[in-house]
Amino acid sequence: MSHPHRPPNSPAASDHRWQDLLFFGPVSKKTSNKRALTPRLLAIFGLLLVCINPPLLTIFNQAGSVWGFPVLYLYIFAVWMVVIVALARVVHKYLKTDDRDSE
Amino acid sequence: MNNLGWVIGFSLGYLTLLFALAWWGERRAQRGRSLVSNPYVYALSLAVYCTAWTYYGSVGRAANNGIEFLTIYLGPTLTAPLWWIILRKAIRICRVQRITTLADFISARYGQSLRLSYLVTIVCVLGIVPYIALQLKAIGSSFEILTSSSLVAQSAGTWYQDSSFYITLVLGVFIIVFGSKPLDVTRNHEGMVVAVAFESIVKLVAFLVVGSVITFGLFRGFGDIFQQAQTQPALQRLFVMDEEVGFSRWFWMLMVSMFAFLLLPRQFQVAVLENRKESNLRKAIWLFPLYLLLINIFVLPIAFAGRLTFPLGNVDADTFVLTLPLWADREGLALLAYLGGFSAATSMIIVSTIALSRMISHNVLVPYLVGSKPLTQRLGNYFGRILIASRRVNIILLLLLAYLYHRFVASSYSLVSIGLISFAAVAQFAPALLGGMYWKGGTKQGATAGIVVGFLIWGFTLVLPTLVGSGLMAERLMEEGLWGISILRPYQFLGLQTMEPLAHGVFWSLFWNLGAYVAVSIFTMPSSKEQNQAEVFIEVFKYSEAYDISIGWKGRATVDEIRRLLEQFLGHARSQEILAAFAQTYQVDWNAQTVADARLVNYAERMLAESMGRASARVLLATTLKEEEITLEEVHNLLRESQHLVSVNQELRQKSEALREASEALQQANAELKMLDGRKDDFISTVTHEMRTPLTGIRAMSEILADNPDLEGEERDNFLHTIIGETERMNRLISQVLDLEKMDSGKMSLHKTRIQLNEVIREAVESFIQVIKEKEIALQVDLQGSLPPVVADRDRMTQVILNLLSNAVKFVEPGVGKIVITSYFIDGEIRVRVSDNGKGIAPEIQSLIFDKFYQVENQTVRKPIGSGLGLAICQRILLRHQGRIWVESTPGEGARFSFALPAEPIGRPANPTAL
């Protein structure tokens, strides 16, 4: 009996990659290194840039309120919070405290 | 109400507390327990970004323009993911190059250009002074509001009646005592950073407390405020952005605050120059955006609350944070609000003036002074004092300049507009600075052109209108344009009419700035010094280890000259220290060496740069030593060489490490092999010994039989029986040894079928009944009915049970012995237990008795009868069945051997394949 080997681009394998990209999946020890950090940070930057600028912003630019908060106000704070959580997760996952410092 | 005494007391008390904190921080640093290397302190110190502008101005902005104020905080948040990329590089560059100011950074990148360093300093001063003025204005008007009886700020009378004048003076004295230490040995201001971090906590807490009291005390929560605001058309308008003007403003304000966060002198000071550990960015990257989010949560509610409470519009929205608590007669809260605003303003003023005063001395004054050789020689011994005095004078001058701006220009403008103009000013450094960090092609001329052009357009489109607004310039200019040329109108520059003033100014200034930087850079050739610096800046991560060895200098100088220079500017003690450190690092003997090599010159330059700035140090060395231009080729070769050395070294280290590891592994394997070999020897000798005993018996008896053919029948039968018994014993031993060998080498094949263990037990017991009767042992069989089946090799299971039974029989005393055999089902497995009341097994050997080696090694102790291999065989059989075997025993009271096998899951047929 042999263990079933997944081809590298089977759906399950790419799921894992997606999770990595979205910063919520389990990341194996082997992939946590500093090299993986920069593209993820750039991705967060790009996402935030797009989310808080028109045309995406125009979708939420409307009068009215959700749960008592103005829509636009709520939207921006929600995006903001998500970015903070994503940054914290990514940075702490890919940067270890013992990184060498020159001083 | 007259709070004058209270307010003054609180403000002075607060300043004293700051001073004490700074002093404490400095002390700790001297003892090597720096607080600044703490990531939380670092993240908090970045919050010097939030000034009185945030504290009062955001609310004012929100009350008039809705949520647009958020761009100023979203901008820095947007940069946060890039800190690890950009800020870390800037930090590393500053550390390697011993850079002390923002102007140093830009001028160093473009070949230590003095002209650039003047230019950057001028732009910074002109751009930041209004911003400082803004803080003074905020302190002044909050002071007025708190001490007067009206909620509307009174315009001050003459300067000696103006409270902000006195505040300026007090702050000036405070900062001088606080920030300009005697000729700093290091470039860091530990005390300042600690105080600023503390102020960040104060303003955040104050704002959150005031915000929640207003939201939940004066109103009934967020929902209530927003609901009430929605009923008023004037406020409802603020819920959304104007699609045409609002979005372009939004975008450009985001851009400008992104750049401002990185390039404001105070931000550069705390984020880059005062950074002690690059890894502190790790926490700051998310903590700082979190700080910004928290401090902004209550801005819009307070703004709406203010508009709802003062519907007439006679109360300035910039003061809502103070006037709302006062209106509700909560004076304690108002005082807290004042304190928060005061801390926000003072932290900005402290860091900005210290950074700017350094910039003026290091990048303008000192280079000018040391630029002429005779002057240097005359000033030399007083140099330290001159440097400190100049920094102090700078601080006072900056504050006075800010005060004048505040009195004559700023009063007619709201807080945020002035702040944004400052932001736009420092954004002009973006192309030269960021470009310089990533593009090797950028040249000094390009950087100069970019900054000059950007600065001029900034002044024309953003500053000029404020002068017109305060009546210092003719109104005509705005409508007809400069010299009556209509495309030179400040708000419609080059005929661009669709953008609102701020976006318009930022766009045009950055557009021409970037254009000039790139275009001029392409058409000019960088000097070799510039190329050298570009290489070192852009590849800083590659060279930062090698830089000490690299050479950016060529010329002739003696050690004595360097020594004199250091003594003149840094004092005798410090220069001794520096030279000793150098000698130790590079193994140099000063008595033997008279000619200063490039390493020493570089080292001295960097040490001088720490206390007087990089530009100054460069000028000083250039005027006192004979210098030759170094070609780019030489620089590259040297860098490559040292880089190569570093990497070769590393490779060697890695290889020897690998070798060491390999030999260790080999040694370990060898030791293991030796031990195994020894055990094998023991095993063989024991087995042969075991064989020899029966063999000797058989031989002796056969000889007797052969020698005495006339032996009596009964005796003969006796001998023959013994012979048969002994051969059987030998046979058993041999088959057991073979069995073990098979199992250990994995050749044992199992014929697994579904079996009922109870049946196997009963059969085994039956075949044993004779022996038990002979020895008069009591046997109790206690089997649980309806056990689930197991998949196992029947013969092997029989072997296990027989082994355990015979073991038990061996150890009990005939006549009193008792053996109990039990089977039961628990936790998905079937367990069989054989207990006896023999002499038991000592606890220390209980875990060892299943080891074949152990048994033979301790033959004499353990084994009275038999080969002793039985338990080892049992264990191997059970392991092959995914089962286990263990023993519990109290010496003197008997032993209980148990084994467990996983039960066959119900409903699945057995798989009779041989494994």
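1. Glu539(B) and Lys440(B) form a salt bridge, with 3.1 Å between the closest N and O atoms. Glu539(B) sits in the loop between helix H25 (528-538) and helix H26 (540-543) of chain B, and Lys440(B) in the loop between helix H21 (430-438) and helix H22 (444-469), so the pair ties together parts that are 99 residues apart in sequence. Both ends are partly exposed: Glu539(B) has a relative accessible area of 23%, and Lys440(B) one of 37%. The model is predicted, and these values should be read accordingly.

2. Over all chains, the whole structure holds 20 salt bridges. Two further pairs lie within single helices. Arg660(B) and Glu657(B) are bridged with closest N and O atoms 3.0 Å apart; both belong to helix H31 (residues 632-707) of chain B and are separated by 3 residues, about one turn of the helix. Arg660(B) is partly exposed at 40% relative accessibility, as is Glu657(B) at 35%.

3. Arg729(B) is partly exposed, with a relative accessible area of 29%. Elsewhere, salt bridges with shared partners join Arg61(B), Glu68(B), Arg249(B) and Glu500(B) into one network.

4. The largest nonpolar core has 213 residues, and the members touching the most others are Trp83(B), Phe105(B), Phe423(B) and Phe429(B). Helix H7 (residues 114-147) of chain B gives the largest share of this core, 18 residues. A second, separate core has 50 residues, among them Leu740(B), Ala764(B), Leu871(B) and Leu901(B).

5. What is Phe423(B) in contact with, leaving aside its neighbours within four places in sequence? The partners are Tyr49(B), Trp53(B), Ile72(B), Tyr131(B), Val256(B), Ser257(B), Ala260(B) and Leu264(B).

6. Trp512(B) is placed in helix H24 (residues 501-523) of chain B. Its relative accessibility is 36%, so Trp512(B) counts as partly exposed. Patch members need over 30% relative accessible area, a cut-off that Trp512(B) passes at 36%.

Methods: Residues are numbered from 1 along each chain as its sequence is written. Chains are lettered from A and ligands numbered from 1 in the order in which they are written. This is a predicted model: local features need pLDDT of at least 70, side-chain atom pairs count only at pLDDT 80 or more; totals for chains, interfaces and linings use all residues. Side-chain values use heavy atoms; hydrogens and water are left out. Helices (H or I, at least four residues) and strands (E, at least two) are DSSP runs, numbered from the N terminus. Buried means under 20% relative accessible area, exposed over 50%, partly exposed in between (1.4 Å probe, protein chains only). A nonpolar core is a set of buried Ala, Val, Leu, Ile, Met, Phe, Trp, Tyr and Cys residues joined through side-chain atoms within 4.5 Å. Contact means heavy atoms within 4.5 Å. A salt bridge is a side-chain nitrogen of Lys or Arg within 4 Å of a carboxyl oxygen of Asp or Glu.
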